[in-house]
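Thanks for asking me to look this one over. Here are my notes, point by point, to read with the model open beside you.

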Amino acid sequence: SEPIRILRRYWTDAAGKILEPTFPSDNPIKKIDYVFYRPAKSWEVVENKVICDAVASDHCAVLTVLRLI
């Protein structure tokens, strides 16, 4: 979407080019949840994964572990 394209100009998407879907949580087909960070040179993505639980939310959670360099 246009808002995500604008964010990506200034922020780094922790998932990179991985487009794992996050919605709906019971059968995800769209990626609509993100973790962005900046400045890019100051952080390292250690882990990034999607956790789905249809009871907790209609979205899957995005777990990102960042290490400050």
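1. Let me start with the charges: the structure contains 6 salt bridges, a salt bridge being a side-chain nitrogen of Lys or Arg within 4 Å of a carboxyl oxygen of Asp or Glu. Please keep in mind that this is a predicted model, where local features need pLDDT of at least 70 and side-chain atom pairs count only at pLDDT 80 or more, while totals for chains, interfaces and linings use all residues. Residues are numbered from 1 along each chain as its sequence is written, and side-chain values use heavy atoms, with hydrogens and water left out.

2. One of these bridges pairs Glu2 with Arg5, with 3.3 Å between the closest N and O atoms. Both residues sit in helix α1 (residues 2-10), and because they are 3 residues apart there, about one helical turn separates them. Helices here are DSSP runs (H or I, at least four residues) and strands likewise (E, at least two), numbered from the N terminus. Glu2 is partly exposed at 40% relative accessibility, and Arg5 is partly exposed at 48%. For these labels, buried means under 20% relative accessible area, exposed means over 50%, and partly exposed lies in between (1.4 Å probe, protein chains only).

3. Which parts of the chain does the bridge between Glu44 and Arg67 link? Glu44 and Arg67 form a salt bridge whose closest N and O atoms are 3.1 Å apart. The pair links distant parts of the chain, with Glu44 in strand β3 (residues 43-51) and Arg67 in strand β4 (residues 61-68), 23 residues apart. Glu44 is partly exposed at 34%, and Arg67 is partly exposed at 43%.

4. Glu47 and Lys49 form another salt bridge, at 3.6 Å between the closest N and O atoms. Glu47 has 32% relative accessibility and counts as partly exposed; Lys49 is also partly exposed, at 38%. Elsewhere, salt bridges that share partners join Glu2, Arg5 and Arg9 into one network.

5. Now for the nonpolar side of the surface. Ile6, Leu7, Tyr10 and Trp11 make up a nonpolar patch with about 380 Å² of accessible area together. Patches are made of residues with over 30% relative accessible area and no salt bridge, joining like charges within 9 Å and nonpolar side chains (Val, Leu, Ile, Met, Phe, Trp, Tyr) within 5 Å. The areas come from the Shrake-Rupley method with a 1.4 Å probe, and for residues only the protein chains shown count as cover. Ile6 lies in helix α1 and is partly exposed at 37% relative accessibility.

6. How many disulfides does a search of the whole structure find? The search finds 1, taking a disulfide as a pair of cysteine sulfur atoms within 2.5 Å. Cys52 and Cys60 are joined, with an S to S distance of 2.1 Å. The torsion about their S-S bond is about 95 degrees, so the disulfide is right-handed. Cys52 is partly exposed at 38%, whereas Cys60 is buried at 3%.

7. A cavity is a set of points on a 1 Å grid over the protein atoms alone where a 1.4 Å probe fits but cannot get out, and lining residues have an atom within 4 Å of a point. Among the residues lining the largest cavity are Asp13, Lys31, Tyr34, Asn48 and Thr64.

Key
On a 1 Å grid over the protein atoms alone, a cavity is a set of points where a 1.4 Å probe fits but cannot get out, and a pocket is an open set with protein on both sides within 12 Å along at least five of seven lines; lining residues have an atom within 4 Å of a point.
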